[in-house]
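Dear colleague,

The findings are set out after it.

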Amino acid sequence: MEQNLFGNGRILVTGASGIVGSHLMVHLLQMKANVRAFVRNEQSQAKACEAIALISTDEIDTSTIEWSFGEISNYDEVFAAMQGCEYVFHCAGFVSFQNSQAQQLHEVNVVGTRTVVNAALNSGITKLCHVSSVAAISKAVDNELITENCDYNPHGKRRAYQQSKYEAEMEVWRGIAEGLCAVIVNPSIIVGATVNWQQSSASAFAAIKKGMPFYTSGVTGYVGAHDVARSMIALTASEISGERFIVSAENLDYKTFFTLVAQSVHAKEPHIYMPQWLFCAFVPFIRLYSFVTCKPSQISANSARSAYSVSRYDSAKLCAAVDFQYTPMRNVIEEVGKLFCEGILREYFFCLHSGNCLPYKGSV
């Protein structure tokens, strides 16, 4: 059992059903912390409990969780959820790389964070930990290592998601200026198990299991979801305030990442390099298909650029601040791939028992 670093202090976790929130909940429950979870509704509550059961290695009693329901942008609901709490982990957020969803990104990420900060200031919260993103940090010059000191350029050409994470982080800095004790974590691409394998980085496991022969030349940072949770706990339990920390275990090129994922799910490794000009040539056709079928597409001109960009992150500041050590990404991917394959088997045997067709269209 992990050591409880928060004593009897009640902890509020927003976004407990998300990938960061659910992993954080596992660690807090393992240390027998006093936890209140803020989610949208009972469906989100059920999703959070399912995620906790999926990713925890030990049996965890979720009946000890106190649940609070509401919208993250509703001040009255957030303020009510904070009453009696000493610590707040703000994990709620919306991830989309489609500029067409800019309004929802702003409402959840910016207005939601503003609401949390204001409620924390008015509730006398001891400390807030805000989950930002490396998207809120600018790239370094000449592909040098990206550090916390690389300031974001709000006037540059950015995706709506990047802009929303930057503006959300600015709300936290505003709160700090007004007297709020807070820390900010900026994770790179988070790799972790989830009940929805079609979201975030988890979609890579599903895509590669079904067969994805292509790879691109980009490089970016990756970190395990458990490590993000551990870093948040360590920073919040420390005396550190008014600082942000990049949380990134390793910088990997996409071929290496996809190869490790393929090995973890026993699938064929990607072996065909796709040139950028060819990738970009397909974007208009993918957009047209998305428009005709009314199905959202994850491929855009921005994602095409990202697939070939090089971003290397330096997380030495975190390691020095709280004596932190990362789990190697090979180990993280292997464990997540194992959970993914176990999920396929569970679906398979459930379908055999129920007489329904197999929902997953890939080989086990």
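Predicted model: local features only at pLDDT ≥ 70, side-chain atom pairs only at ≥ 80, totals over all residues.

Residues are numbered from 1 along each chain as its sequence is written, and side-chain values use heavy atoms, with hydrogens and water left out.

Overall make-up

The protein contains 12 helices and 12 strands; these are DSSP runs numbered from the N terminus, helices being H or I of at least four residues and strands E of at least two. Of its 364 residues, 51% are buried (buried means under 20% relative accessible area, exposed over 50%, and partly exposed in between, with a 1.4 Å probe and protein chains only). The protein exposes about 17,300 Å², and carbon and sulfur atoms supply 52% of that area; accessible areas come from the Shrake-Rupley method with a 1.4 Å probe, and for residues only the protein chains shown count as cover. Among contacts (heavy atoms within 4.5 Å) between residues at least 6 apart in sequence, 80% join residues at least 24 apart.

Salt bridges

Side chains of opposite charge can pair when their charged atoms come close. With a salt bridge taken as a side-chain nitrogen of Lys or Arg within 4 Å of a carboxyl oxygen of Asp or Glu, the count is nine.

Arg-10 and Glu-66 form a salt bridge through their side chains, at 3.8 Å from N to O. Because Arg-10 belongs to strand β1 (residues 10-14) and Glu-66 to strand β3 (residues 66-69), this pair ties together parts that are 56 residues apart in sequence. Arg-10 is partly exposed at 25% relative accessible area, and Glu-66 is partly exposed at 33%.

In the salt bridge of Arg-114 with Glu-171, the closest N and O atoms are 3.0 Å apart. The pair links distant parts of the chain, with Arg-114 in helix α4 (residues 102-123) and Glu-171 in helix α5 (residues 160-177), 57 residues apart. Arg-114 is partly exposed, with a relative accessible area of 32%, while Glu-171 is buried at 13%.

A salt bridge also joins the side chains of Glu-243 and Lys-317 (3.1 Å, N to O). Glu-243 is in strand β10 (residues 243-247) and Lys-317 in helix α11 (residues 316-322), so parts 74 residues apart in sequence are tied together. Both are partly exposed, Glu-243 at 32% and Lys-317 at 30%.

Two individual residues

Cys-341 lies in helix α12 (residues 329-354) and is buried, with a relative accessible area of 14%. Apart from neighbours within four places in sequence, Cys-341 contacts Ser-264, Val-265 and His-266. Between Cys-341 and Ala-206 the C-alpha to C-alpha distance is 9.7 Å, although they are 135 residues apart in sequence.

Ser-132 sits in the loop between β5 (127-131) and α5 and is buried at 4% relative accessibility. Its side chain makes a polar contact with the side chain of Asn-186 at 3.4 Å; a polar contact is a pair of N or O atoms within 3.5 Å, where within protein one must be able to donate a hydrogen and the other to accept it, and residues adjacent in sequence count only if both atoms are side-chain atoms. Leaving aside neighbours within four places in sequence, Ser-132 is in contact with residues including Lys-165, Glu-169 and Ile-184.

Yours sincerely
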